[in-house]
Amino acid sequence: MTAKIRGIIFDLDDTLFDCTGQLTQPARRRAAQILASAHLDLSTETSYQQQVTLSQTHGSSEAIRILGAQYNIPANIVEQALNAYNPRNVEAITPFPDVIPTLNTLVQRGYQLALVTSGNPDRQREKARLLGLCNYFTEANNTLILLNDRKSGDKGPSLELAAKARSLPHAHILCVGDKLTDEIATAKTLGMTTAHMRHGRQKSRKPQIPAEQPDIEIDRISQLLSLLP
Ligand SMILES: [Mg+2]
């Protein structure tokens, strides 16, 4: 199944670094504290847990807005909570320990690499820089594609763009991501081979539709090295 692979498109958050542990959980806690400070009946813990639940269907920022509306929290406090969740500066982050050595080996073996990530473009660019990924992925040649998730949650066009930038037919591409709903289903529909990185929110999610069934399941990026010659 992987013998025909010549290029790999990675996702960033929870695929190449522990976004949930290093950024999401602390950010949610900061936002929870601010929301709780504005309402007597809302504890930090409740606010945190409700963000977790709401974010599954509405996304993290919208979860904060919904909580604000639910508890009649003043708009300026909600805004503070949103800024605390998404600070302009990205805190210290590090890639999973096997990521850089794995990328080096994949490059040595002749694989074409690309990174497609959605979110706030400035923030995603800064994450890539802090993680030391700029040597592998650059915006200049479209091997780093930043997709604004406010405009579109669909990664399809960006995955197609990355494939085109590497001049590779979809059948020769392996798409690696943590989200069955996003990377896996989208890439599979485009005819790419898919690898589910079991980390973060959808770590234990079972495929809900046939398109969400990945070709490969991995727990560490370095497992790709035994799959790709
Ligand atoms: Mg991700």
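**Exercise 1. How are H3 and H4 oriented to each other: roughly parallel or roughly antiparallel?**

Solution. The model is predicted.
- Step 1: Find the helices. H3 covers residues 60–70, and H4 covers residues 75–85.
- Step 2: Read the geometry. Their axes cross at roughly 155° and come within 10 Å.
- Step 3: Apply the cut-off. Angles over 145 degrees count as roughly antiparallel. H3 and H4 are therefore roughly antiparallel to each other.
- Step 4: The H3 and H4 crossing is right-handed.
- Step 5: List the contacts. H3 supplies Ser60, Ser61, Ile64, Arg65 and Gly68. They meet Val78, Ala81, Leu82 and Tyr85 of H4.

**Exercise 2. Describe how H1 and H2 pack, and name the residues that make the contact.**

Solution. 
- Step 1: Recall what is needed. A packed helix pair is described by the angle between the axes and the distance between them.
- Step 2: H1 (residues 19–37) and H2 (residues 44–58) pack at an angle of about 125°. Their axes are 8 Å apart.
- Step 3: Classify. H1 and H2 are therefore oblique to each other.
- Step 4: H1 passes H2 in a right-handed crossing.
- Step 5: Name the residues. On H1 they are Arg28, Arg29, Ala31, Ala32, Gln33, Leu35 and Ala36. On H2 they are Thr44, Ser47, Tyr48 and Gln51.

**Exercise 3. Is Ile5 buried or exposed? Find its contacts too.**

Solution. 
- Step 1: Locate Ile5. It sits in the segment before strand E1 (7–10).
- Step 2: Count neighbours. Ile5 has 21 C-beta neighbours inside 10 Å.
- Step 3: Compare with the cut-off. A residue is buried if 20 or more other C-beta atoms lie within 10 Å of its own. So Ile5 counts as buried.
- Step 4: Find the contacts. Leaving aside neighbours within four places in sequence, Ile5 touches His172, Ile173, Leu174, Thr193 and Leu228.
- Step 5: Ile5 and Met192 are 187 residues apart along the chain. Their C-alpha atoms are separated by 9.3 Å.

**Exercise 4. Describe the nonpolar cores and the domains.**

Solution. 
- Step 1: Start with the largest core. It has 39 residues. Ile9, Leu115, Val116, Leu174 and Cys175 have the most contacts inside it.
- Step 2: Turn to the second core. This separate core has twelve residues, including Ala31, Ala32, Leu67 and Ala81.
- Step 3: Examine Ile9. Not counting residues up to four places away in sequence, Ile9 touches Ala114, Val116, Leu159, Ala162, Ile173 and Cys175.
- Step 4: Divide the chain. Domain 1 is 7–17 + 93–227, and domain 2 is 21–85.
- Step 5: The C-alpha centres of domain 1 and domain 2 lie 29 Å apart.

Terms used:
Residues numbered from 1 in each chain as written. Predicted model: local features only at pLDDT ≥ 70, side-chain atom pairs only at ≥ 80, totals over all residues. Core = buried A, V, L, I, M, F, W, Y, C linked by C-beta atoms within 7 Å. Contact = placed C-beta atoms within 7 Å. Domains from an automatic or database assignment. Axes fitted to C-alpha atoms, helices over the stretch in contact; angles between N-to-C directions. Helix = DSSP H or I, 4+ residues; strand = E, 2+ residues; numbered from the N terminus. Parallel < 35°, antiparallel > 145°, perpendicular 65-115°, else oblique. Left-handed = near helix turned anticlockwise from the far one by under 90°.
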